[in-house]
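Student: I am new to this structure. Please take one part of it and go through that part closely.

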Amino acid sequence: MTCLSSDRRRRARLLMALAAPLLALCLGCPLPAPSDGSPSDGNDAPRLDTSNNSSIADATALTLGTNNELRFTGVIDRAGDIDVYAIGTLSAGDRLTVDVQRLEGNLDPVAAIFDSREYLVAFNDDREPDGSNLNPLIDIVIRGETDVYYVAIIAYPGTRTFGQYQVILKVEFEVGVPAPVTQIVYLHWAGGSNIRIPNVGTFNLRPFSATDVGFPAAQTKALKQRVAQIVKERFPDLRLTVLNSDDHPVPAEPHTTIYFGGNDEYAFAISEQIDTFNQDPSDAAIVFTEGFQGAFRSTPNFEEMAQALGNTAAHELGHLLGLVHTADCEDLMDTSCFNDRILSPQELSTAPLDNSVFPFGYQAALEIVSWLLGY
Ligand SMILES: [Zn+2]
């Protein structure tokens, strides 16, 4: 992504307000450079891109060379251009590395790996989540079924960027499937000063009170407990340990922290990254609890507010486990629905990717998370 880092779960009624600052920020981005369509200027890698490889069915077949490696180029030369390449058959335990570099123009490339069902396996927008390097890098070990896998390249959706790119793709067969790793999640209700969340900001937060979301202070403990329960329920039977700052000290082991507090004009919550395959077990997100009251068409009851906070915290946790946005109101990773939808349970499911992520494909969220955490 070019202009804003990290995820924002937007309040639907503020979408218009969001559009203006996005545009303003994007004015600072480089202008598209015209592409002359000439082949591989100064680069000896073959251009394998064709004008009609825009779907899994029309993918350009790749043939791996020496050491199961291949370097090739392609070009995003028009709005909505999608380049899909068939990597070949891979099995669980095969390591796949896809390194995409912009060669010319202002292209902000996005790379995604799909299986033959068009299910997203891995996704990367920027190799540095702080936006300092926009070239995607994917380095994963296949966990799913033996299947033909695909790499697809687009320009970051919503920004008109164009140009030539190079892909260095490498497969190492049979390195073995890494064992699933339990993830600790620490629900941080206690507030604090100078809380720094990388790529998001630094916050001074008051300890959470139910009064922040319109309920009597006496209900604070019950609300926190219900939210913790909902977060746990969203990852059914998965090896996720949910701790909280009321009952547990800060864990000594690597853990994900979800802070509760503060306000943001445009977002219910922000996570520091989309952590593909949970490669960073020590990341963080913040749920801006003070923005919940008044964000809905009617006044939520206790259970509805607990669901809103719990769905949101679990959604951010999803990003920190590598999940991306979908367009399905029932799905926990949905970004398309109206605000009131989060007042009732949303579940991890198989759902179409949101257009802000990729123009085709699905995310089988429970399958992906089960590869990483195990049952
Ligand atoms: Zn999100």
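Tutor: A residue counts as buried if 20 or more other C-beta atoms lie within 10 Å of its own, as exposed if 12 or fewer do, and as partly exposed in between, with C-beta atoms placed from the backbone. Helices (H or I, at least four residues) and strands (E, at least two) are DSSP runs, numbered from the N terminus. Residues are numbered from 1 along each chain as its sequence is written. This is a predicted model: local features need pLDDT of at least 70, side-chain atom pairs count only at pLDDT 80 or more, and totals for chains, interfaces and linings use all residues.

The part to look at is helix α4, which spans residues 365-373. Its buried residues are Ala365, Ile368, Val369, Trp371 and Leu372. Viewed down the axis of α4, these buried residues fall within an arc of 150° (taken from the directions from the helix axis to the C-beta atoms), so they line one face of the helix. What do the buried residues of α4 pack against? They pack against α3 (302-320) and β18 (362-364), where contact means that two C-beta atoms, placed from the backbone, lie within 7 Å. Just after α4 comes Gly374, with a positive phi of about 75°.
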